[in-house]
Amino acid sequence: MEREGGGLPGRQHVEHLPGAVHRTGVWLANQRQRRDRLDAAQLRALAELGVEWARSAV
């Protein structure tokens with residue numbers, strides 16, 4: 001978020017890392033859809049990263 005100037009990446013966002021490609025947008029969308037199955041520590045970690053919907057769930 002800091003590098004991109006705030007806001008969450010869209011579903012189509014892909015991170016190209018050395019030796020790997022990570023579909024960050026899909027992963028984040030999946031976390032949101034499954035947030036009722038995340039434990040408090042996982043929600044807290046997402047909230048600390050600036051994920052607004054995780055803040056309201058903690």
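Predicted model: local features only at pLDDT ≥ 70, side-chain atom pairs only at ≥ 80, totals over all residues.
Which side chain does Glu-15 join through a polar contact of 2.7 Å? The partner is His-13, whose side chain meets that of Glu-15.

**Around Glu-15**
- You will find Glu-15 in strand 1, which covers residues 15-17.
- Glu-15 has a relative accessible area of 18%, so it counts as buried, the limit being under 20%.
- Leaving aside neighbours within four places in sequence, Glu-15 is in contact with Arg-3, Ala-20, Val-21, His-22 and Thr-24.

**Helix 1 and what covers it**
- Helix 1 spans residues 24-33, and its buried residues are Thr-24, Gly-25, Val-26, Leu-28, Asn-30 and Gln-31.
- The cover over these buried residues includes strand 1, strand 2 (20-22), helix 2 (40-48) and helix 3 (52-57).

**The largest nonpolar core**
- Eight residues make up the largest nonpolar core: Leu-28, Leu-38, Leu-43, Leu-46, Ala-47, Val-51, Trp-53 and Ala-54.
- Helix 2 and helix 3 are the elements that give two or more residues to this core.
- With three residues, helix 2 gives the most.
- In soluble globular proteins, nonpolar side chains tend to be buried together.
- Ala-47, one of the core residues, touches Ala-54 and Arg-55, not counting residues up to four places away in sequence.

Key. Residues numbered from 1 in each chain as written. Heavy atoms only, no water. Helix = DSSP H or I, 4+ residues; strand = E, 2+ residues; numbered from the N terminus. Buried < 20%, exposed > 50% of the residue type's maximum accessible area, 1.4 Å probe, protein only. Polar contact = N/O pair within 3.5 Å; in protein donor to acceptor, adjacent residues only side chain to side chain. Contact = heavy atoms within 4.5 Å. Core = buried A, V, L, I, M, F, W, Y, C linked by side-chain atoms within 4.5 Å.
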